[in-house]
Amino acid sequence: MEDCIFCKIIKGEIPAKKVYEDDELLVIHDVAPGAPCHVLLLPKKHMRNIMKADPDAVKYIMGKVGDIARTLGVDESGFRVVINTGIDGGQSVEHLHFHLLGGAKLGWPPC
Ligand code: AMP
């Protein structure tokens, strides 16, 4: 089966603007930012969505959020972490990812 687009980015087959990388996690800038600061936290292991996720991977990534927010300079101003899931959740790429958005006052609610 062909790799998904995020697996291709993780393998270096598609370019991306990297923010952070370690053995389990890759953080990249979103190609179509929805806020002044918009990055994606991608587990290196392919998991379709949060319903199919390894809880240890989720725990690891959530544990990195603060460091990433500090790196991006939004730790004091505030930010949002979003996991779109499935059709109603608006998930367009079927590889678990966490959006980290900030850099401006974000709107709420989503509909
Ligand atoms: P979602 O709609 O929650 O599945 O989010 C997928 C996100 O991936 C969207 O915000 C897209 O803009 C972003 N995206 C898609 N392709 C790329 C890419 N090649 N590099 C960076 N971000 C991407």
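Visitor: In what order do the elements run from the N terminus on?
Guide: The order is α-β-β-β-α-β-α-β, in a model that is predicted. That makes 3 helices and 5 strands in the protein.

Visitor: And what radius of gyration does the protein have?
Guide: The protein has a radius of gyration of 14 Å. A compact globule with 111 residues would have a value near 13 Å, so the two agree. As for extent, the C-alpha trace spans about 40 × 30 × 25 Å along its principal axes.

Visitor: Let us turn to the ligand. Where does the ligand sit?
Guide: The ligand sits in the largest pocket. It is surrounded by 16 residues, of which the closest are D30, N84, S92, H97 and H99.

Visitor: Which element gives the largest share of that shell?
Guide: That is α1, with 3 residues of the shell around the ligand. Both α1, spanning 5–10, and β2, spanning 25–29, supply at least two residues each.

Visitor: How many of the shell residues are nonpolar, polar or charged?
Guide: By class, the shell has 8 nonpolar residues, 7 polar ones and 1 charged residue.

Visitor: What about D30: how far is its side chain from the ligand?
Guide: An N or O atom in the side chain of D30 is 2.5 Å from an oxygen atom of the ligand. Backbone atoms take part as well: a backbone N or O atom of V93 lies 2.9 Å from a ligand oxygen, and a polar backbone atom of G90 is 3.1 Å from an oxygen atom of the ligand.

Visitor: How much of the ligand's accessible area does the protein cover?
Guide: On its own the ligand has 500 Å² of accessible area, and the protein covers 83% of that.

Visitor: A change of topic: is the peptide bond from W108 to P109 cis or trans?
Guide: The bond from W108 to P109 is cis, with omega near 0°. Most peptide bonds are trans.

Visitor: Where is P109 found in relation to the strands?
Guide: P109 is in the segment after β5, the strand that covers 98–102.

Definitions and conventions
Residues numbered from 1 in each chain as written. Predicted model: local features only at pLDDT ≥ 70, side-chain atom pairs only at ≥ 80, totals over all residues. Heavy atoms only, no water. Near = heavy atom within 4 Å. Polar contact = N/O pair within 3.5 Å; in protein donor to acceptor, adjacent residues only side chain to side chain. Areas by Shrake-Rupley, 256 points an atom, 1.4 Å probe, with all protein chains shown as cover. 1 Å grid on protein atoms, 1.4 Å probe; cavity = no way out; pocket = protein on both sides within 12 Å on 5 of 7 lines; lining within 4 Å. Sits in = over half its atoms within 2 Å of the grid points. Helix = DSSP H or I, 4+ residues; strand = E, 2+ residues; numbered from the N terminus. Nonpolar A, V, L, I, M, F, W, Y, C, P; charged D, E, K, R; others polar. Rg over C-alpha atoms; globule rule 2.2 N^0.38 Å.
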